[in-house]
Amino acid sequence: MKLAQDIIIKPIITEASMMGVAFKKYTFKVATDANKIEIAKAVEELFGVKVAKVNTTTVNGKMRRYGRFEGYKASWKKAVVTLTEDSKTIEFFDGMM
């Protein structure tokens with residue numbers, strides 16, 4: 001069994017993701033092997049909120065160059081977590097707006 005801290009790696013703070021905070025949608029970088037149920041339970045445990053649904057996507061790594069050497073950045077998984085209407089907000093994101 002994975003710990004909640006191992007599933008939720010970090011929040012994603014971008015302009016587009018911060019627009020969703022008004023609608024109780026929060027974006028996180030998550031473990032690539034985590035499924036939607038595990039992500040929902042981890043968010044509920046870490047932040048004490050109620051999760052309505054979870055949308056996930058795998059973000060492919062971009063190609064990067066350093067001089068004549070090329071390679072790809074690692075692919076990662078992104079989860080957009082929507083909270084229920086009666087749930088409280090996540091305080092960490094409130095200070096960002």
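## Salt bridges

A search of the whole structure, which is a predicted model, finds four salt bridges. One of them joins aspartate 33 to lysine 2, with the closest N and O atoms 3.6 Å apart. This pair links distant parts of the chain, since aspartate 33 sits in the loop between β2 and α3 while lysine 2 belongs to the segment before α1, 31 residues apart. Aspartate 33 counts as exposed, at 55% relative accessibility, whereas lysine 2 counts as partly exposed, at 31%.

Lysine 2 also forms a salt bridge with glutamate 38, and here the closest N and O atoms are 3.2 Å apart. Because lysine 2 lies in the segment before α1 and glutamate 38 in helix α3, the pair ties together parts that are 36 residues apart in sequence. Glutamate 38 is partly exposed, with a relative accessible area of 28%.

## A bridge between two loops

Another salt bridge is formed where the side chains of lysine 50 and aspartate 86 meet, at 3.6 Å from N to O. Lysine 50 lies in the loop between α3 and β3 and aspartate 86 in the loop between β6 and α4 (91-94), so this pair ties together parts that are 36 residues apart in sequence. Lysine 50 counts as partly exposed, at 47% relative accessibility, while aspartate 86, with a relative accessible area of 59%, is exposed. As for shared partners, salt bridges join Lys2, Asp33 and Glu38 into one network.

## The nonpolar core

The largest nonpolar core has 22 residues, and those with the most contacts inside this core are Ile8, Phe28, Ile39, Val43 and Val81. At least two residues of the core are supplied by each of α1 (4-7), β2, α3 (36-47), β3 (51-59) and β6 (76-83), and the largest share, four residues, comes from α3. In soluble globular proteins, nonpolar side chains tend to be buried together.

## Threonine 27 in strand β2

Threonine 27 is found in strand β2, which covers residues 25-30. With a relative accessible area of 8%, threonine 27 is buried, because buried means under 20%. When residues up to four places away in sequence are not counted, threonine 27 touches Pro11, Ile12, Ser17, Lys78, Ala79, Val80 and Phe93.

Conventions
Residues are numbered from 1 along each chain as its sequence is written. This is a predicted model: local features need pLDDT of at least 70, side-chain atom pairs count only at pLDDT 80 or more; totals for chains, interfaces and linings use all residues. Side-chain values use heavy atoms; hydrogens and water are left out. Buried means under 20% relative accessible area, exposed over 50%, partly exposed in between (1.4 Å probe, protein chains only). Contact means heavy atoms within 4.5 Å. A nonpolar core is a set of buried Ala, Val, Leu, Ile, Met, Phe, Trp, Tyr and Cys residues joined through side-chain atoms within 4.5 Å.
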